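This briefing walks through one chain, topic by topic. Keep the structure open alongside the text.

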Amino acid sequence: MSADLAAGLAEFLTRTLAAPTRVDGLEYLSAGARRRNVGFTAHVERVRARKLVATLVPAAVQIMSVEDEAAVRELARTHGVAVPAVVAVCADPAVVGEPFVISDHVAGETVPRKVLRLVAAAGNAETVAREWGEAMGRLHAIDPAAAARTVPSAGADPAAAVLAAAEADVRVLLGDRPVFALALRWLEHRLPGPPPRTALLHTDLRNGNIVTSISTDSAGGR
């Protein structure tokens, strides 16, 4: 674990919170495959120690700026979606090497097999499924116009856009594989039409990037 990360986070929080802050207990967390999630404890002068998480986002995997990501998360939280509160945002990669978002720490598991074991042990599958569904329902009910205009959009016809991108990739990488061309034609003939409305999406839901805790018998998005 790099001492520079702790020092960089401490210096940033000292400036942001306008109070001397010490950082210790850094721990890499399981959530996130292409970005780093690091748990730590912030000791802010005259304030009780606070467990936080820094999500470091490499430029190569940024879909949107960390400012926009934090703003959308806070928008979702104000609409009842179970996401941790954003504490601070840093877009300057010079601070710790990558832009990052600092959030409240949420105890629980995110690795899919561990989540399934927790659910099986607690016997709360119906509760977890219901809460996930409720969270996504609240997210999808938010008017996308409430988000920043710089948040990426799939456009008016997202299925057609995805198919076009897939066709371009196949031409470049798999042009000598007729089976892929056939698969693309199959998709083309069964392509869904444009959606009747747009919605904000949790793009990592399909990967199980959700925090589940046996202690609270509930699940929350991270």
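Helix α3 spans residues 112–122, and its buried residues are Val115, Leu118 and Val119. Those three cover an arc of only 95 degrees around the axis, so they sit on the same side of α3. The model is predicted.

**Helix α3 and its end**

- The other side of α3 carries exposed residues: Arg113, Leu116, Arg117, Ala120 and Ala121.

- Five strands make up an open sheet. Their order is β1-β2-β3-β5-β4, and the pairing is antiparallel.
- β1 and β4 are the edge strands, since each pairs on one side only.
- From one strand to the next, the twist averages 25 degrees.
- Seven bridges pair β2 with β3 in the antiparallel sense. Within this pairing, Asn37 has Thr55 of β3 as its bridge partner.
- β3 and β5 also run antiparallel, joined by five bridges. Here Ala54 has Ile102 of β5 as its bridge partner.
- β3 is mostly covered, with five of its seven residues buried.
- Helix α2 lies across β4 and β5. α2 runs at about 165 degrees to β4.

**Nonpolar cores**

- In soluble globular proteins, nonpolar side chains tend to be buried together.
- The largest nonpolar core here holds 19 residues. Leu9, Leu13, Val23, Phe40, Phe100 and Ile102 touch the most other members.
- At least two residues of this core come from each of α1 (3–17), β1 (21–28), β2 (36–44), β3 (50–56), β4 (86–90) and β5 (100–104).
- α1 gives the most to this core, supplying six residues.
- A second, separate core has twelve residues, among them Val81, Met136, Leu139 and Ala147.
- Which residues does Leu13 contact, leaving aside its neighbours within four places in sequence? They are Ala18, Ala19, Thr21, Val23, Phe40, Ala42, Leu52 and Ile102.
- β1 covers 21–28, β2 covers 36–44, β3 covers 50–56 and β5 covers 100–104.

**The aromatic pair**

- The count of aromatic pairs comes to one.
- Are the rings of Phe12 and Phe100 stacked or edge-to-face? Their planes stand at 80 degrees, and planes over 60 degrees apart count as edge-to-face, so the pair is edge-to-face.
- The ring centres of Phe12 and Phe100 are 5.1 Å apart.
- The pair links distant parts of the chain. Phe12 belongs to helix α1 and Phe100 to strand β5, 88 residues apart.
- Phe12 and Phe100 are both buried.

**A buried glutamate**

- Glu69 lies in helix α2, which covers residues 66–78.
- Is Glu69 buried or exposed? Its relative accessible area is 13%, and the cut-off for buried is under 20%, so Glu69 counts as buried.
- Not counting residues up to four places away in sequence, Glu69 touches Arg35, Val57 and Met64.

- Most residues other than glycine have a negative phi, and most peptide bonds are trans.
- Ala18 has a positive phi, near 55 degrees, and is not a glycine. Ala18 sits in the loop between α1 and β1.
- Ala18 has a relative accessible area of 70%, over the 50% cut-off, so Ala18 is exposed.
- Ala18 is also one of the contacts of Leu13.
- Arg46 has a positive phi of about 65 degrees although it is not a glycine. Where is Arg46 placed? Arg46 is in the loop between β2 and β3.
- In that hairpin, five residues lie between the strands.
- Arg46 counts as exposed because its relative accessibility is 75%, over the 50% cut-off.

Methods
Residues numbered from 1 in each chain as written. Heavy atoms only, no water. Helix = DSSP H or I, 4+ residues; strand = E, 2+ residues; numbered from the N terminus. Buried < 20%, exposed > 50% of the residue type's maximum accessible area, 1.4 Å probe, protein only. Contact = heavy atoms within 4.5 Å. Core = buried A, V, L, I, M, F, W, Y, C linked by side-chain atoms within 4.5 Å. Phe/Tyr/Trp six-rings, centres within 6.5 Å; stacked < 30°, edge-to-face > 60°. Pairing = 2+ DSSP bridges. Axes fitted to C-alpha atoms, helices over the stretch in contact; angles between N-to-C directions. Arc of directions from axis to C-beta.
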